[in-house]
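Open the model in your viewer and keep the selection panel at hand. This tour stops at a ligand and at a pocket.

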Amino acid sequence: MTDFNHPNRAIDALAERLLRRETHQLESDQLVGRVLASDVLADRDSPAADVSAMDGYAIRLSDFGSRSAVPIAGECVAGEAPPPMIPNAVLRIFTGAVVPDGCEAVVKREDTIEHEHSIEFLSSARNASPGEHIRRAGENAKTNDCVLAAGSLVTPASIATMVNFGSYSANVFDQVRVSLITTGNEVDRFEQESPRPWQLRNSNAAAIESMLRSIASVRFIDHHHCRDDRFSLAESLEKCLSESDAVFLTGGVSQGDYDYVPKIIPGFGAEIVFHGLPIRPGKPILGAATRAGKLILGLPGNPVSATVGARRFARPLLAKMSGQNDWREHPPQVRLHDSASKSLPLHVMRLVRHVENSFEQGKENAVVAAVPSLGSGDLVSLGQSIGFVEIPPGHSGEGPWPFFAW
Ligand SMILES: Nc1nc2c(c(=O)[nH]1)N[C@H]1C(S)=C(S)[C@@H](COP(=O)(O)OP(=O)(O)OC[C@H]3O[C@@H](n4cnc5c(N)ncnc54)[C@H](O)[C@@H]3O)O[C@H]1N2
Ligand code: MOO
């Protein structure tokens, strides 16, 4: 086990040991949020022919020599093959229509005086250069060019690209199957009755399950809740590992006598890559990988630590396992409003909320404010936050700091 001084180093070391999924074909209406396993190729040139970028007139540059009005010989409309160009005449053309053979440029209609059967060129049109307002065949992509690379996350924007090139389905990586184990004798659902003062509702299960269910490239498999018992924990972990690619646990990861998570993991032949990182909250976090490349993430039980840890560590690791090339996060930088706090020798994750008009304060970065919090058990501050900023060791003040939104 190495001592990592940055959460990103720990994430990288764990990511290296994780498996990638098999692949299958999926229809385009199911693809958003999934990861392409094969390149998408252009099935034809884009555009497929030279087309007009403007509503106007298809001309030869020699037409500018004409002193008087030039006749309009016909129309090129979108959805039809163009008529031929006739000498000493222009064709009316519409955006997206194929330009006729012999057309050297398109002049916007605003740069002409339009009569019923002819046009005159305004002086603004006379600077038109060859090819002006013509989108050339293949200028976006040639047939068989790669237009979307394997490993990219499918978005509504990339669906547009796929469908344009005739891909109504794509080869994608299988979803990452994830199970969750929460621990603790004090924790239960308590839906019908009220918990006693020494009991707690299972907020970690609710937070992490909902986070996992919001990721399209993840399939949530199961949630087990275990009492603080070594054998039932080991039994649950064995079952979860047999049916999942990643298992997240909360609680039981620290130094207590009943903290069995670190104790049972070596029994599964898994390598503990880190146990304890210089972060607050979440210091006791544990990351392990099995020989088959499955992920075990042991999150501390405190609700803020568990939720922050899942967001900070699970998200990129699941992106990696789902086959995404660009799986590391690129968090935006934000400034912290009213940032009177001491620096600590840890990476401090501070819960933050929006600030009204955060972009109007003459600063380059958006501004957020710290949510007052009494620590990693403060579920009120957790619920009022929009995410957290991460302040590096020895730093304090307004930043800017990387921001991780929920
Ligand atoms: N001697 C030490 N004690 C502790 C250390 C340490 O370094 N040395 N670290 C502290 C830190 S930091 C944290 S964080 C906690 C994490 O401990 P565990 O992961 O073992 O968590 P638990 O003790 O099981 O629970 C902590 C806390 O969270 C509540 N909890 C647990 N599960 C849930 C759940 N599913 N939903 C809601 N709340 C939950 C639990 O009742 C406890 O209050 O250890 C410190 N101690
Ligand atoms: O760092 Mo522990 O995560 O709750 O306070």
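Residue classes first: Ala, Val, Leu, Ile, Met, Phe, Trp, Tyr, Cys and Pro count as nonpolar, Asp, Glu, Lys and Arg as charged, and the others, Gly among them, as polar. The model is predicted, and local features need pLDDT of at least 70, side-chain atom pairs pLDDT 80 or more, while totals for chains, interfaces and linings use all residues. Residues are numbered from 1 along each chain as its sequence is written, chains are lettered from A and ligands numbered from 1 in the order written, and side-chain values use heavy atoms, without hydrogens and water.

**Stop 1: ligand 1**

Select ligand 1 and the 22 residues around it (a heavy atom within 4 Å). Among the closest are Glu 186, Leu 200 and Val 253. By class, this shell has six nonpolar, 13 polar and three charged residues.

Now show the polar contacts (pairs of N or O atoms within 3.5 Å). The side chain of Glu 186 puts an N or O atom 2.5 Å from a ligand 1 oxygen. Backbone N or O atoms do likewise at Gly 252, at 3.1 Å, and at Asn 302, at 3.2 Å.

**Stop 2: the largest pocket**

Move to the largest pocket, with about 560 Å³ of space (the space filled by probe spheres set on the grid points, which are joined across faces, edges and corners). A pocket is an open set of points on a 1 Å grid over the protein atoms alone, where a 1.4 Å probe fits, with protein on both sides within 12 Å along at least five of seven lines; lining residues have an atom within 4 Å of a point. Select Arg 280, Pro 281, Val 348, Met 349 and Arg 350, the closest to its centre of 28 lining residues. The lining divides into 14 nonpolar, 10 polar and four charged residues.

Definitions and conventions: Polar contact = N/O pair within 3.5 Å; in protein donor to acceptor, adjacent residues only side chain to side chain.
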